[in-house]
Amino acid sequence: MKIIETELPGCLILEPRVFGDARGYFYESFNRDKLAEAGLHPQYVQGNVSSSARGVLRGLHYQWPKPQGKLVSVLEGEVFDVAVDIRRGSPHFGRWTATVLSGENKRHFLIPEGFAHGFAVLSERAVFTYLCTETYDAQADAGIRWDDPELAVDWPLSEPLLSAKDQAAPLLREVAEDRLPVYAP
């Protein structure tokens, strides 16, 4: 597995070794021991799969006070995947990083706890999978606007298909401080 650092410490792109032949391919989508060798020790407790059509944007989501770290990837299709540092006191607060994940490139994106996450579907359909370090809790469910001008995420679409929840999400500056994670170096 190749580990690629992004401009936000802790947000990592993982490229698995893919073994393929005329029958198809195989790769490890998660290996605790290989991550531990790299100094990473996430403890995943829930796995999710979603399917979305072209133009759908999901996010920017997070949980508080039960934050979720995520290991995300795409099984079919292609998405533009984004992580935003929303930890109060972080030297990177409000900054974002992104990568394209696809069934073809088989990349994974490791997003630590304390980050908001979202993705936009670039293909006709995308099947998205993610492992989480915390189970989903509706009481902890939160989000910020995908088009927050202060974040200035450079999304590859201008008029996405959004859920009602994502349409009503607040700007980051409108979120009460006690509803955001805290940076712990």
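1. Strands (E, at least two residues) and helices (H or I, at least four) are DSSP runs, numbered from the N terminus. Keep in mind that this is a predicted model, where local features need pLDDT of at least 70, side-chain atom pairs count only at pLDDT 80 or more, and totals for chains, interfaces and linings use all residues. Residues are numbered from 1 along each chain as its sequence is written, and side-chain values use heavy atoms, with hydrogens and water left out.

2. Have a look at the strand 1 end. Strand 1 pairs with strand 2 (residues 12-15) in the antiparallel sense, over 4 bridges. Lys-2 has Glu-15 of strand 2 as its bridge partner.

3. On to the aromatic rings. Rings of Phe, Tyr and Trp (its six-membered ring) pair if their centres lie within 6.5 Å; planes under 30 degrees apart count as stacked, over 60 as edge-to-face and the rest as tilted. By this rule there are 6 aromatic pairs. One of them joins Phe-80 and Trp-155, edge-to-face, at 5.8 Å centre to centre and 65° between the planes. This pair links distant parts of the chain, 75 residues apart: Phe-80 is in strand 8 (residues 78-85), while Trp-155 is in the loop between strand 13 (141-143) and helix 2 (164-167).

4. Why is the pair of Trp-146 and Trp-155 called edge-to-face? Because their planes are at 65°, with the ring centres 6.5 Å apart. Phe-80, Trp-146 and Trp-155 form one aromatic cluster.

5. Phe-80 and Trp-155 are both buried. Trp-155 has 9% relative accessibility, and Trp-146 is buried too, at 10%.

6. One more ring to check: the charged end of Lys-106 sits over the ring of Tyr-25, 4.1 Å from its centre. The rule here is that NZ of Lys or CZ of Arg is within 6 Å of the ring centre and within 35 degrees of the ring normal.

Notes:
Two strands pair if DSSP finds at least two bridges between them. Buried means under 20% relative accessible area, exposed over 50%, partly exposed in between (1.4 Å probe, protein chains only).
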